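Dear colleague,

Please find below the structure that I am handing over to you. The findings follow directly after it.

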Amino acid sequence: MVALNQQPMAACPNCRQPVPFQPQQVFDVSLNPAIKDYFLSGQANLLQCPSCGFAGTIGTPIIYHDPEKELFLTHVPVELNLPREEKERVLGALTQAIMRNIPQEGMKAYLFQPTEMLTMKSMIEKVLGADGITPEMIASQQAKMNLVGQLLQAEEDTLDFLIQDNQKLIDEEFFGLFSQLIQNIAMSGDEEIMTRIGVLNDKLIAQTDAGRKIGDQQATLEKAAADLEQHGEKLDRKKFLKLLVNSESDDYTSALISLARPLADYEMFMLLTERIQAASGEKKAKLEHIRDMVMTITQEMDAAAQARGEAMVSLLQMLLQADDLEAAITQNLQYFNDDFMAVLGQNLAAANENGQTELAEKLRTVGETLMRVVQQGMPPEIQFVNELLSQESPEEAQGIIRRRISEFPAEMPQIMDQIADSLDAQGQSEQAAKLRDYKEFAEKEIMMAKWR
Ligand SMILES: [Zn+2]
């Protein structure tokens, strides 16, 4: 197949040094739904040169297939300067790579004529266009991202002015982008920037229409949570129903249902129906409206949960079939969450139970590789703590501390303390206690090192 069997090296376009590089040419959404985001992210075929620091995309022939959207696109970069025959041979091989995986009954007319895209940009626009996303929408999203960046860098006394000046850009979508960014930054644990973001967030909520709306929804959600919590352990269907029936806004009704989904079951639904039958006039209409909302919201929540589960199953299947497991995990890193771990655990338990030793072994390898890749992406301090906590005995952990504590900044013991606190907060008090012991040992080691 094209280029795939060759030695995976490429010359750095800047300094011409050979760099390990595996071109990715086949993007088949039917085999791996997550590859679509990867393709759109611009991370595919990115070469990073360790010699000169160059980072950029390497042009390579590409084929993209999405059966649901009936997209079958090819792109051969002009700069490759391929003679016509060679180009046809390359495209033929790529088309074959896709066609091999299509069952007879999946053959459709669009598959017989792939659309050739002249640039990567037009190819990406075509894929987004199939989702109803226009170049104008992309430009507007970019402008919002730029504004977020500008706001984060601005001096505090210019924030009011900047917000006032950009009211039009600060809409629901803006807040969506902003909260994604906050989540990413929160993971980095940089407290100074988190404080700045807090100030900015308060201003955005207070000074814009979209912000005030979000602020109201947030307050409604908090009120609903407080009203439910007030009943504590005694919260049952009847008390839940009473809160629902007295709801004064759709936002509040919807907050109650999403917070206490398990109580909104068939039995509660019957209780509500009894109330409706006994009521009349305006009261009846209000109760019927609430019942409609219960129906719609629970159905939406269940469908979303099911879709998440299915996505996790297909992600797992893709990993089990991957030739390069580590690469497949790295490309899909943003999708691994507790849902995925649950699906992995269920499959492993089932494989063990059914005596499918080979499958069980494969699933374990997926779990272990995933842990390793996730670890590699974490700050070194966290990796270090994880390594300590995964040791079988305190002596082994102490040995590691003795050998490696000097690699870390002087405040490492405080960092260990903070991590222990957050372990406590997650209910992992045993791990937290272990870590505090290691922290004391680390402090002693640091003291001793000064005398050596
Ligand atoms: Zn280079």
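Which residue in β8 is the bridge partner of Thr74? The partner is Glu116. Please keep in mind that this is a predicted model.

The sheet

That pair belongs to an open sheet of four strands, arranged in the order β3-β6-β7-β8 with mixed pairing. At its edges lie β3 (26-28) and β8 (115-116), each of which pairs on one side only. In general, the strands of a sheet pair through backbone hydrogen bonds, and the pairing is either parallel or antiparallel.

Both senses can be followed from strand β7, which comprises residues 71-75. With β8, strand β7 pairs in the parallel sense over two bridges.

The hairpin of β6 and β7 has four residues between the strands. In this hairpin, Glu70 takes a positive phi near 50 degrees.

How many of the five residues of β7 are buried? Four of them are, so the strand is largely enclosed by the rest of the structure.

A helix also packs on this sheet: α3 (residues 120-130) touches β6 (62-66) and β7. The direction of α3 makes about 170 degrees with that of β7.

The helix pair

I turn now to two helices, α14 (residues 338-353) and α15 (residues 357-376). Two packed helices are described by the angle between their axes and by the distance between the axes. The axes of α14 and α15 come within 8 Å and cross at roughly 155 degrees. An angle over 145 degrees counts as roughly antiparallel, and α14 and α15 are therefore roughly antiparallel to each other. The crossing of α14 past α15 is left-handed.

Which residues meet in this contact? From α14 come Leu344, Asn347, Leu348, Ala351 and Asn352, and from α15 come Leu359, Ala360, Leu363, Arg364, Val366 and Gly367. By class, the contact has seven nonpolar, three polar and one charged residues.

Yours sincerely

Note on methods:
Residues are numbered from 1 along each chain as its sequence is written. This is a predicted model: local features need pLDDT of at least 70, side-chain atom pairs count only at pLDDT 80 or more; totals for chains, interfaces and linings use all residues. Two strands pair if DSSP finds at least two bridges between them. Two residues are in contact if their C-beta atoms, placed from the backbone, lie within 7 Å. Axes are lines fitted to C-alpha atoms, for helices over the stretch in contact, and angles run from 0 to 180 degrees between N-to-C directions. Angles under 35 degrees count as roughly parallel, over 145 as roughly antiparallel, 65 to 115 as roughly perpendicular and the rest as oblique. A crossing is left-handed if the near helix is turned anticlockwise from the far one by less than a right angle, and right-handed if clockwise. Ala, Val, Leu, Ile, Met, Phe, Trp, Tyr, Cys and Pro count as nonpolar, Asp, Glu, Lys and Arg as charged, and the others, Gly among them, as polar. A residue is buried if 20 or more other C-beta atoms lie within 10 Å of its own, exposed if 12 or fewer, and partly exposed in between; C-beta atoms are placed from the backbone.
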